[in-house]
Structures are given as C-alpha cells and as structure tokens.
Amino acid sequence: MTDRGMDALRVLALVGVVVGDWLMTAAVLGPDGVLRTGSLVWPGIASLTWVYFFAEGFANGRAGAAAPTGATSVRRLVWPVVALVCLVTVALIAGTVAGAPERSLYTAGKLAVSPLWPAVVLAVLTLVARPARWLGRHPVPAWIAIAIAGAVAVVAAPDAGTLAAYVVPYLWGQLSAADRLGPRAALTLTLGGVAALVVLVGADPPSLMTMALGAALVGAALLARPALARWLSTPGGWRPITALNRAALPLYLWHQSVLVVLTVVALQLSGGTPVPGLHTSPDGPWLAARLAWLPVLALGLVALVHAMHPFTRRGSGP
C-alpha cells in the first residue's frame with residue numbers, strides 16, 4: 001500500500017543526501033597535478049540518511065505479505081550496482097592507458113564507488129525484511145525501538161553513527177508501518193533527539209551527535225508526514241515524487257560518478273588549471289563556487305540515469 005507522505009519523505013531525504021554529498025566532497029588538484037580527496041563534515045547532511053532508511057523500512061513493513069521475497073527485492077538492486085561497477089572499471093582502465101597518475105585514479109575511483117556501502121547494507125536489510133516484520137505482528141513496545149539506538153551507541157561506538165544510520169531507522173520504519181510509532185513517539189524522538197544533541201555538542205562525539213540529530217529528524221518526519229500526504233493529494237504534486245522514487249537507487253548510486261566525470265572533463269578543458277568549486281580545497285569561497293555547479297551536476301545525473309534506463313529497468317519492479 002502506497003503512503004504518499006512517506007514516499008515524499010524518502011525523496012526529500014534522497015535529494016538532501018545527494019546534494020549534501022556534492023557539497024561535502026571534492027577532488028582537490030595539488031601542485032604536483034594529482035587529485036586528492038577533500039571533504040567537509042556536516043553531521044546534518046549525514047543524518048538525512050536516517051530519514052531515507054526509515055522510509056525504506058516503512059515501505060517494506062507496510063508491504064506485508066504482498067511484498068516480494070528478499071531475494072527478488074535484492075535482484076532489483078543488482079543491476080544499478082553492476083552498471084556502476086562496470087562504468088568505473090572501464091573509466092579506470094581508460095585512465096591508466098592514458099597515463100593518468102595512480103593517485104588521481106585512486107581518488108576518482110574511491111569517490112565514484114563511495115555510495116556502494118549503504119546500498120550493500122540496504123540489500124542485507126531487504127533480505128531479512130520478512131523476519132523483521134515480526135516486530136509488527138507481535139506486541140513489542142515502541143520504546144524498544146528507542147532503546148535499540150542506545151544499545152548500538154554503547155556497543156558500536158565510536159562507529160555507532162555509521163552502523164546506526166542504517167539499522168536503527170530501518171527498524172523504526174518497520175515499527176511505524178505497524179502503527180507502533182504514533183504522534184507521541186514521534187514527539188518523543190524529536191524532543192529527545194534535540195535534547196541529546198544539545199548535551200553532546202559540548203562533548204563533541206561526532207557519531208553520537210549524528211545519531212541524536214537523526215532521531216530528531218525521524219521524529220520530525222513522522223510529524224510532517226500527514227501534511228505532506230495532503231499536499232501530494234493532487235496529481236501535479238504526486239508525479240515528480242513518483243518519478244524520483246522509481247529512479248531512487250540509480251540516482252543515489254551514480255551521483256558521485258557524475259561529480260568525478262565533471263571534475264575530469266573540467267580539468268581537461270582548463271588545460272590542467274584548477275577550476276574553482278571543482279578542483280580547489282573545500283574551504284573559504286569554495287562553497288559558493290560549488291553551489292554554482294549544482295545545476296550542471298543535476299542535469300548530468302538525470303541524463304546518466306535516463307541513458308542507462310534500458311539496462312537498469314530489468315531490475316526494477318512495480
């Protein structure tokens with residue numbers, strides 16, 4: 001059963017993560033003519049991953065018995081991944097033949113495949129989705145979902161942010177699909193997450209700060225869901241959400257590849273001179289220059305997804 005409010009949250013989170021990655025990562029050209037990775041750290045952008053995985057968990061939980069098997073769902077993830085790996089492999093081979101510096105090739109390859117790790121985690125969670133729906137069929141108190149985050153923080157710190165950003169919100173989505181996370185729980189997550197964030201700012205543990213902000217965002221998303229559903233009741237508001245949801249995985253997997261391609265092409269056209277916002281260090285006026293490149297990156301990503309659609313559609317489902 002489609003939930004328009006939750007579908008909108010998934011799209012908004014996806015767009016936020018993609019744009020956030022474009023505003024956080026760069027291939028910086030050094031004096032030696034070699035590209036090296038430069039990045040900014042914005043916990044707020046990383047926390048949007050919570051909302052996306054929360055929406056994925058909700059969608060899988062709401063599907064119930066009508067959902068495809070885990071293996072069938074994972075097969076839908078395979079083709080975009082295969083396309084990414086093939087494109088990156090061909091590009092690296094071409095770069096090696098052209099005599100590109102090894103370090104530059106490493107930087108380009110690392111940036112291009114960086115979205116693969118969350119996709120692998122999503123595939124694993126999809127495989128175990130049916131057993132996970134046990135949460136919705138049994139009288140499990142909603143507070144257990146909140147306790148999961150604390151347990152992960154204690155056991156997995158300092159890497160709790162990375163692990164929890166995928167597993168915890170996915171389980172919360174499962175509970176929400178079973179109507180076990182109502183308005184009161186949403187308000188608790190929002191206020192509790194904000195309170196924890198205020199406390200953790202002084203202690204400065206980045207992974208736990210990400211978890212706190214992620215919890216607040218999931219709670220706020222639950223509170224905003226009814227309003228989003230009403231806004232999308234018209235066809236004009238629903239069509240773009242549907243289109244983006246259908247292409248969600250390719251959009252996410254390939255967005256960094258588009259950044260790499262633009263970086264390399266711009267470097268060739270400039271004769272090896274660093275282009276502001278693409279090859280310069282991400283500090284100072286860099287952000288303003290990168291913002292100017294966002295429309296080009298967006299158009300390139302849409303063009304790539306459209307061009308690869310005949311290949312990836314075999315993995316798509318209804």
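The model is a predicted one, in which local features need pLDDT of at least 70 and side-chain atom pairs count only at pLDDT 80 or more, while totals for chains, interfaces and linings use all residues. Residues are numbered from 1 along each chain as its sequence is written, and side-chain values use heavy atoms, with hydrogens and water left out.

The protein chain contains 14 helices and 2 strands, taken as DSSP runs numbered from the N terminus (helices H or I, at least four residues; strands E, at least two). Of its 318 residues, 48% are buried, where buried means under 20% relative accessible area, exposed over 50%, and partly exposed in between, with a 1.4 Å probe and protein chains only. Among contacts with a separation of 6 or more, 80% are between residues 24 or more positions apart, a contact being heavy atoms within 4.5 Å. The chain exposes about 15,400 Å², of which carbon and sulfur atoms supply 72%; accessible areas come from the Shrake-Rupley method with a 1.4 Å probe, and for residues only the protein chains shown count as cover.

Because 17 of its 21 residues are buried, helix 1 is largely enclosed by the rest of the structure.

Side chains of opposite charge can pair when their charged atoms come close. The model has 3 salt bridges, each defined as a side-chain nitrogen of Lys or Arg within 4 Å of a carboxyl oxygen of Asp or Glu. Within helix 1, Asp-7 and Arg-10 lie 3 residues apart, about one turn of the helix, and their side chains form a salt bridge at 2.9 Å, N to O. Arg-10 also meets Glu-56 in a salt bridge at 3.5 Å, N to O; since Glu-56 lies in helix 2 (residues 43-63) and Arg-10 in helix 1, this pair ties together parts that are 46 residues apart in sequence. Asp-7, Arg-10 and Glu-56 are thus linked in a network of salt bridges, and they are buried, with relative accessible areas of 12% for Asp-7, 14% for Arg-10 and 16% for Glu-56. The salt bridge between Asp-32 and Arg-36 (3.0 Å, N to O) joins residues that are partly exposed, at 48% for Asp-32 and 35% for Arg-36.

On the surface, Trp-117, Val-120 and Val-124 form a nonpolar patch with about 300 Å² of accessible area together.

How values were computed. Patch = residues over 30% accessible without salt bridge, like charges linked within 9 Å, V, L, I, M, F, W, Y side chains within 5 Å.
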